[in-house]
Every structure is written in C-alpha cells, then in structure tokens.
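Work through the two exercises below with the structure open. Each task is followed by a solution in steps.

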Amino acid sequence: MNGRPLLLWSSWNNKVMGIQLTIQLLVALITAVLVITTLSLSRAIRPKEIGEKIQLNSLSRCNFFSGKWVFDNQSRPLYNGSNCSFISFLDDGMACQNYGRKDLDYLYWKWQPHDCDLPRFNATAMLEKLRNKRLVYVGDSLNRNQWVSLVCMLESSIHTHLKQVHFNGSLVTLNAIEYNATIDFYWAPLLVESNCDDAWHHRVKDRVLRVDSIEKHARFWEDADVLVFNSYLWWRLDLTVLWGSFESADAKYEQLGMVRTYELGLQTWADWLDTHVNRTKTRVFFVSMSPTHSRGEEWGKAEGENCYNETEPISNAEYWGSESSPGMMRLVEAAIKKLNEKSGVKADLLNITQLSEYRKEAHPSIYRKHWDPLTKEQLENPSSYADCTHWCLPGVPDVWNHFLYVYLPI
C-alpha cells in the first residue's frame with residue numbers, strides 16, 4: 001500500500017515530463033521554421049533594401065566630393081581601355097595608351113572620400129538602374145569624355161550582339177537591348193543655340209549664341225529619364241549674344257561679358273526644365289567645371305610649362321587652378337538650388353572640380369591623334385601641343401560616373 005502512491009506519483013511525473021518534452025520540441029520546431037522562413041524572406045528582400053539604405057544614408061551623411069586620391073593597383077582600373085571599342089572608335093583624344101603613353105600609374109588612382117567609402121561600382125547594377133530608361137549626357141567634349149567613360153565601364157556587361165550604336169547628327173546613342181536601356185550623348189557645348197552646334201564642324205572664329213533659345217536642342221532630350229548636363233569651357237572665350245534669329249536681318253548683337261552671359265544661359269536652361277521636366281520621372285544632374293592644367297607655374301613648374309611629362313597628382317589639398325572660376329560655379333549652384341526649392345525638379349550638382357584639380361597627370365598631353373601634321377617647332381617643344389583639357393580613359397571621368405551610380409536610385 002505504501003509503495004502504490006509512489007508508483008502513481010512516478011507514473012504521473014513521467015507523463016508530465018513527457019508532455020513538457022513534447023511541448024519543448026514543438027516550440028523548438030516552430031522556432032526553427034520561423035527562423036528559416038525569416039532568413040529566406042530576408043535573402044529575397046535584403047539586397048535591394050540594403051542597397052537603398054546604404055545609398056540613402058551615404059547621400060545624407062557623406063560628402064563624396066571631399067577626399068583624396070590613393071594609389072590602388074588592385075581594384076583599378078575599372079576596365080581595360082585597350083579593349084573598350086568606344087575609346088578609339090569615337091574619340092582618339094582619350095586613347096592615351098593606344099597613342100604611346102608608357103607611364104601608366106595614372107590608371108591606378110582611386111578617389112577616397114574623407115568620411116566614408118564610395119559603394120563599389122557594379123556594372124550590372126548600373127544597367128539595372130537604367131533598365132527601361134533613357135540617360136542623356138548633354139554638353140561639350142568633356143561631357144562626351146564622361147559618356148565614353150560610362151559606356152566603357154558598362155561594355156563588358158553588355159553582350160556584343162545585344163548592343164547597338166547609332167549616330168544622328170549631334171546625337172550618339174548606345175542601346176543596351178537586354179536592358180531596354182539607352183545611353184546617349186548630345187552635342188550642345190553652350191546648352192543654348194549657337195553657331196557652334198555642328199558636332200563635327202564647330203570650331204568657329206567668332207562664337208555667337210542665342211542666349212534665350214534652347215528648344216533647338218531640347219527636343220532631342222525632352223523624354224529622358226536621366227539628364228546629365230555640363231557647360232563651362234566654351235563660355236570662357238569671347239561670346240557675342242544674338243537677340244533674334246540667325247536668319248533675321250533685324251537681329252541685334254551684344255557683348256555682355258562672360259559671367260553675365262553664362263548666367264543668362266543657365267536661366268534659359270533652368271526655365272526649360274521648370275516648364276518641361278516630368279517631376280515624378282526625370283532626374284537632372286549638372287557636372288561642375290572640369291579643370292585644365294595649362295599653367296605649370298601654379299604647381300611649381302617653370303612658367304610656360306603645363307601637364308606635359310606629369311606623372312603624379314598634385315598633393316596640395318588646397319590647390320585650385322586659376323582657370324576654374326568660383327563665381328561661375330556659384331551661378332550653377334544657385335540654379336540647382338532654385339530648381340529644387342522653387343520648381344520641385346530633382347536636380348543635383350556633381351561637384352567634380354576640386355577632385356579633378358589634383359589630377360594634372362591624367363590628361364592626354366601629347367598621347368593622342370593629331371589631325372594636322374606637327375611642325376618642327378612643335379616637335380621641338382612638346383608642351384606646345386599637349387592636350388591638358390580632356391582626360392585619358394580609363395581615368396578621372398570614371399569617378400564622375402561612379403558618383404552618378406551612387407546617386408541614381410535602384
């Protein structure tokens with residue numbers, strides 16, 4: 001009799017323990033299922049969410065345009081310039097290696113912002129950002145320099161039979177068929193109408209522009225999803241403003257000065273955007289002035305020398321060349337601010353000027369195609385025919401496009 005209660009207690013205790021064990025196993029199983037489901041969902045969703053978070057946080061917290069160049073022969077260059085079909089095909093001023101440049105350190109400099117890192121450039125991700133979209137670069141030969149840079153950065157990710165190139169006057173088009181993406185360059189060095197608008201014959205002695213007329217050009221880019229403008233160097237020479245049409249006998253001509261003429265041209269550009277841009281669709285970028293390195297005395301060379309024979313960047317963080325105008329840059333900044341705050345146009349300034357100021361060694365110099373035979377005097381003084389305006393590719397414009405990659409939404 002005394003043993004039976006103990007037996008019953010033991011039996012009941014075993015049953016309770018069994019139930020508890022069953023419940024614990026059930027909880028563990030449910031937890032495992034939930035964890036696996038959560039992980040699966042996070043794998044499906046996370047890349048895009050993380051990409052957007054990194055992008056938005058980076059844009060709000062970091063000044064990508066303030067930094068320094070660091071030598072990096074591991075991750076640079078982003079593409080093989082000798083293999084990019086667009087470099088030699090479209091502009092022989094960029095194919096520096098093809099024209100005999102032997103010092104190749106310029107290929108291996110990476111831009112490093114002071115307070116953060118640029119997200120790694122991914123060509124496939126960039127093409128995804130451009131899927132079903134039209135990106136148009138509008139401006140002068142430096143903007144063409146940037147356009148060639150981007151198509152070279154993307155070319156290896158586009159199958160040869162799935163890309164097409166078309167020429168239509170001032171418009172050059174690359175179609176990435178697989179992505180239904182179009183990447184264009186449109187020649188308009190002053191943005192507004194001028195007598196320099198022929199893409200192939202634009203070197204005229206006296207430059208004349210209709211500072212209040214932009215429709216001639218704008219009809220070629222009005223349906224774009226992304227617009228990347230630049231315009232600076234062509235304004236630095238004497239310009240005559242034409243009031244009226246080129247065909248009119250009653251047209252009036254006026255000299256207004258470089259800064260005032262630039263201001264009026266930017267106003268016409270901004271007014272067109274205010275009136276025509278689809279604010280829910282189109283992103284607008286303006287690339288700040290690209291510096292030249294024609295005055296070697298500004299970084300310690302003898303007077304009269306320039307970028308010829310330069311092999312290293314400028315190390316002085318405060319360096320700013322005299323050919324870059326802060327006043328004209330402020331006009332662009334003001335126009336961008338007004339577009340954002342008063343017009344509701346999504347516009348950003350890609351401030352590439354300071355970082356490009358350091359790269360005196362990254363220009364084609366003498367390593368380019370010369371359309372006219374060089375004279376004996378030129379051959380004796382290579383500095384006299386060095387191109388210190390455009391950029392070798394791969395090179396500095398790749399960083400400008402890297403900024404574009406960061407700013408464009410997924």
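**Exercise 1.** Decide whether Leu 190 is buried or exposed, and find what surrounds it.

*Solution.* Leu 190 has a relative accessibility of 1%, so it counts as buried; buried means under 20% relative accessible area and exposed over 50%, with partly exposed in between (1.4 Å probe, protein chains only). The model is predicted: local features need pLDDT of at least 70 and side-chain atom pairs count only at pLDDT 80 or more, while totals for chains, interfaces and linings use all residues. Residues are numbered from 1 along each chain as its sequence is written, and side-chain values use heavy atoms, without hydrogens and water.

Next, locate the residue: Leu 190 lies in the loop between strand E6 (181-187) and strand E7 (193-194). Strands (E, at least two residues) and helices (H or I, at least four) are DSSP runs, numbered from the N terminus.

Then list the neighbours. Leaving out residues up to four places away in sequence, Leu 190 touches Leu 209, Ser 231, Trp 234, Trp 235 and Leu 239; contact means heavy atoms within 4.5 Å.

**Exercise 2.** Describe how helix H4 and helix H10 pack.

*Solution.* Start with the geometry: H4 (residues 141-155) and H10 (residues 396-407) pack at about 75°, and their axes are 9 Å apart. That angle makes H4 roughly perpendicular to H10, because angles of 65 to 115 degrees count as such. Axes are lines fitted to C-alpha atoms, for helices over the stretch in contact, and angles run from 0 to 180 degrees between N-to-C directions.

Now identify the residues. From H4, Leu 142, Asn 145, Gln 146, Ser 149, Leu 150 and Met 153 meet Pro 397, Asp 398, Trp 400, Asn 401 and His 402 of H10.

Note on methods. Angles under 35 degrees count as roughly parallel, over 145 as roughly antiparallel, 65 to 115 as roughly perpendicular and the rest as oblique.
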